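Have the viewer open and follow along, one topic at a time.

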Amino acid sequence: MEQPNLSYIKSMSGGDLAFEQKLIDIIKLEFPEEKSVYYANLNNQNFKQAAENVHKLKHKISILGLEKSYEIAVAFEENLLQGNTTLNNQFESILNTITNYLQKL
């Protein structure tokens, strides 16, 4: 599984370390909440809402430089809209990887 990196965040910040840290802080704040809401919607089989949560999470996935994981998130979002959860295990693995990475920041 690919690992998150901050290269995209560094390029977005243009070398401004305070702005870079603010972007990291936003992800660290928003990601756990978005992940929690996603799991609640998935467990309640509210797949349309879960797909909306995946949509929000996939932007964090992209910002963290996880290109292959982003592609999985896009496919999973589409699948959820059709009531299909077959990519859930892969998506869960991505979320766990990000959670572990953010804990180290």
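## H2 against H5

H2 and H5 are roughly antiparallel to each other, where roughly antiparallel is the label for angles over 145 degrees, roughly parallel for those under 35, roughly perpendicular for 65 to 115 and oblique for the rest. Their axes come within 11 Å and cross at roughly 155 degrees. Axes here are lines fitted to C-alpha atoms, for helices over the stretch in contact, and angles run from 0 to 180 degrees between N-to-C directions. H2 passes H5 in a left-handed crossing, meaning that the near helix is turned anticlockwise from the far one by less than a right angle, with clockwise giving right-handed.

Which residues meet? From H2 come Ile-27, Lys-28, Phe-31, Lys-35, Tyr-38, Tyr-39 and Leu-42, and from H5 come Asn-88, Phe-91, Glu-92, Leu-95, Asn-96, Ile-98, Thr-99 and Leu-102. The residues of this contact (heavy atoms within 4.5 Å) divide into nine nonpolar, three polar and three charged. In that count, Ala, Val, Leu, Ile, Met, Phe, Trp, Tyr, Cys and Pro are nonpolar, Asp, Glu, Lys and Arg are charged, and the others, Gly among them, are polar.

## About the model

This is a predicted model, in which local features need pLDDT of at least 70 and side-chain atom pairs count only at pLDDT 80 or more, while totals for chains, interfaces and linings use all residues. Residues are numbered from 1 along each chain as its sequence is written, and side-chain values use heavy atoms, with hydrogens and water left out.

## H3 against H5

H5 (residues 88-104) also packs with H3 (residues 47-63), at an angle of about 50 degrees and with the axes 12 Å apart. That angle makes H3 oblique to H5. The crossing of H3 past H5 is left-handed.

Val-54, Leu-57 and Ile-61 of H3 make the contact with Phe-91, Ile-94, Leu-95 and Ile-98 of H5. By class, the contact residues are seven nonpolar, no polar and no charged.

## The whole protein

Stepping back, the protein has five helices and zero strands; both are DSSP runs numbered from the N terminus, helices being H or I of at least four residues and strands E of at least two. The C-alpha trace spans about 45 × 25 × 20 Å along its principal axes.

Of the 105 residues, 39% are buried, that is, under 20% relative accessible area, with exposed meaning over 50% and partly exposed in between (1.4 Å probe, protein chains only). Among contacts with a separation of 6 or more, 61% join residues 24 or more positions apart.

Not counting residues up to four places away in sequence, Asn-41 touches Asn-46, Gln-49, Ala-50 and Asn-53. Pro-32 is also in H2 but is partly exposed at 43%; Pro-32 and Leu-57 are 25 residues apart in sequence and 9.8 Å apart in space, C-alpha to C-alpha.

Lys-10 belongs to H1 (residues 7-13) and is partly exposed, with a relative accessible area of 44%. Leaving aside neighbours within four places in sequence, Lys-10 is in contact with Gly-15 and Glu-20.
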